[in-house]
Amino acid sequence: MAYQSKTVIPQGIRAIAQRFWQDSKSLPPSAWDKWWKTLAIGLGLCALVTYGLTRIAMGWETLWLQAWDEKWLLAWRDRSPLTFAKGVTWESPGNLVGMLPIFFTLTALTAWFRKPLIAATVVVTYLGQFALVWISWGMWSRARPDLIADGLAAPSLHSFPSGHVVVSVSMYGLIFYLWFRTSKNWLEKIIAIAFGTVWISLIALARLALGAHWPSDVIAGILIGSLWLTTVITALARAINAATEYKFKHH
């Protein structure tokens with residue numbers, strides 16, 4: 001059984017990769033061209049915004065930002081409906097352990113069911129958000145809060161922006177967008193928007209309940225994640241439209 005499991009998994013990965021490659025080649029070059037160009041321009045703009053946002057926050061920290069963050073984090077601690085234990089539960093889908101299975105599963109399923117543009121977009125969405133977060137973290141090793149549970153859930157540095165929030169907004173945002181896009185009626189579309197908003201909000205608020213980030217870290221994470229999500233959605237939509245137009249003209 002152990003030997004079979006060691007051979008089945010690589011074979012499955014190989015089959016998915018082969019199907020993705022075959023389906024990718026079947027798409028018109030114009031679709032991939034619009035896809036990667038939109039992503040390249042969007043990533044550059046997101047990087048500039050991340051850089052500028054980080055520079056501004058660094059300048060504001062000693063002026064008023066740190067005092068504002070402390071005030072609102074303490075207020076959230078005293079009034080939050082999320083306890084520390086609930087915060088642990090709700091932040092879990094946004095951490096590395098919770099996100100990786102979702103990332104690999106979504107990539108594999110979309111590739112296997114012959115959606116190469118979506119599969120490629122999932123991969124780029126996940127990897128691109130790391131690049132954006134690392135820009136800020138490389139510029140500013142902001143100390144984490146120690147106002148809740150003596151900083152038990154907060155590592156030492158790289159507080160700005162919240163990586164949990166950036167990846168949650170971009171990855172879960174993409175998932176809920178795909179749900180919205182494939183919905184057949186407006187009620188289901190509204191449910192997709194509402195459920196996605198609540199899900200992502202709970203993950204973001206859980207980081208505050210744990211005292212793992214300052215409020216401005218979470219706000220910055222929402223902004224950066226939303227910009228990157230807009231980029232990947234735009235790239236995917238333009239590529240799908242190009243593929244549809246090509247198919248209409250040649251069939």
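Because the model is predicted, local features need pLDDT of at least 70 and side-chain atom pairs count only at pLDDT 80 or more, while totals for chains, interfaces and linings use all residues. Residues are numbered from 1 along each chain as its sequence is written, and side-chain values use heavy atoms, with hydrogens and water left out.

**View 1. Helix H3 meets helix H7.** The axes of H3 (residues 84–91) and H7 (residues 186–209) come within 8 Å and cross at roughly 135°. That angle makes H3 oblique to H7. Helices here are DSSP runs (H or I, at least four residues), numbered from the N terminus; axes are lines fitted to C-alpha atoms over the stretch in contact, with angles from 0 to 180 degrees between N-to-C directions. Angles under 35 degrees count as roughly parallel, over 145 as roughly antiparallel, 65 to 115 as roughly perpendicular and the rest as oblique. On the H3 side look for Phe84, Gly87, Trp90 and Glu91; their partners in H7 are Trp199, Leu202, Ile203, Ala206, Arg207 and Ala209. Contact means heavy atoms within 4.5 Å.

**View 2. Helices H6 and H7 pack together.** The axes of H6 (residues 163–182) and H7 are 9 Å apart, at an angle of about 170°. The two helices are therefore roughly antiparallel to each other.

**View 3. Leu65 sits in helix H2 (residues 29–79).** With 6% relative accessibility, Leu65 counts as buried (under 20% relative accessible area is buried, over 50% exposed, in between partly exposed; 1.4 Å probe, protein chains only). Setting aside neighbours within four places in sequence, Leu65 touches Ala57, Trp60, Arg142 and Ser216.

**View 4. Arg142 joins a network of salt bridges.** Glu61, Asp69, Arg142 and Asp217 are the linked residues. A salt bridge here is a side-chain nitrogen of Lys or Arg within 4 Å of a carboxyl oxygen of Asp or Glu. Arg142 pairs with Asp217 at 2.9 Å, N to O. Arg142 lies in the loop between H5 and H6 and Asp217 in helix H8 (residues 215–250), so this pair ties together parts 75 residues apart in sequence. Arg142 also forms a salt bridge with Glu61, with the closest N and O atoms 4.0 Å apart. Arg142 is buried at 1% relative accessible area, and Asp217 is buried at 0%, whereas Glu61 is partly exposed at 23%.
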